[in-house]
Amino acid sequence: MSNFEALFDYIQEISGKLLSADDKHLLMEYFKPKKLRKRQYFLQEGDVCKYIGFIVKGSARTFTVDEKGHEHILKLSLENWWLADFESFYLLTPSRFNIEALEDLEVLQSTNAQIEEYLKHIPAFSAMANVISQNYTIANQKRVQAAMSYTAEERYEDLISNYPQFLQRFPQNMIASYLGLSPETLSRLKKNSFK
């Protein structure tokens, strides 16, 4: 039940609406707990993303590997974040991304059809989905702008100000990849920020 309490609290907090007992029962009936070990994949490139996952415990990364074998991290995720390749999840197309557990991971996962049912029948879930959609759109727009026009120092400062917990939870090489920097550049930026 505690895994579900985290989900219920999240939905109510983000939506500003209370879940009824029936709403909670429906969510518990269709969201399935799943545990992944560190380095295990939630999704692999080429597979269709059949599930969306709510992180109860642990962290993950969404990344791709280019033709030269270099990894490029699109997203780092922590507790109370959602895991999915949304393009693959909604369009049922093969994913271009891998989603890997970076720590032992506990998620509650659900299918697209089940999500559609929640949206129709659970007002708090629908309101939460609207808020998340807006927040993701804004965050993605900011991330694209940062990648196109921020200096390396500005990207690092933006990360520190918006996601300070990343510095404690993710290794430096992954943070560098997420920021589109070399590990050496990130190391220099960190050194300069402590002066």
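Me: How many bridges join β2 to strand β7, and in which direction do the two strands run?

Reply: In general, strands of a sheet pair through backbone hydrogen bonds, in either a parallel or an antiparallel manner. In this predicted model, β2 and β7 (residues 98-101) run antiparallel and are joined by two bridges. Within β7, I99 is the bridge partner of L43.

Me: What is the order of the strands in the open sheet?

Reply: The four strands follow the order β2-β7-β4-β5, and their pairing is antiparallel. At the edges lie β2 (41-43) and β5 (71-77), each of which pairs on one side only. On average, neighbouring strands of this sheet are turned by 30° against each other, direction ignored.

Me: Which helix lies across β4 and β5?

Reply: Helix α8 (residues 172-179) lies across β4 (60-65) and β5, and runs at about 100° to β5. These elements belong to a chain whose secondary structure comprises nine helices and eight strands.

Me: Why does the radius of gyration of the chain agree with that of a compact globule?

Reply: The comparison rests on chain length: for 195 residues, a compact globule would have a radius of gyration near 16 Å, and the chain's value of 18 Å agrees with this. The C-alpha trace spans about 55 × 35 × 30 Å along its principal axes.

Me: What percentage of the residues count as buried?

Reply: With buried taken as under 20% relative accessible area, 39% of the 195 residues qualify. The chain's accessible surface is about 11,200 Å², and carbon and sulfur atoms account for 51% of that surface. Among contacts between residues at least 6 apart in sequence, 70% join residues at least 24 apart.

Methods:
Residues are numbered from 1 along each chain as its sequence is written. This is a predicted model: local features need pLDDT of at least 70, side-chain atom pairs count only at pLDDT 80 or more; totals for chains, interfaces and linings use all residues. Side-chain values use heavy atoms; hydrogens and water are left out. Two strands pair if DSSP finds at least two bridges between them. Axes are lines fitted to C-alpha atoms, for helices over the stretch in contact, and angles run from 0 to 180 degrees between N-to-C directions. Contact means heavy atoms within 4.5 Å. The radius of gyration is taken over C-alpha atoms; the globule rule is 2.2 Å times the number of residues to the power 0.38. Buried means under 20% relative accessible area, exposed over 50%, partly exposed in between (1.4 Å probe, protein chains only). Accessible areas come from the Shrake-Rupley method with a 1.4 Å probe; for residues, only the protein chains shown count as cover.
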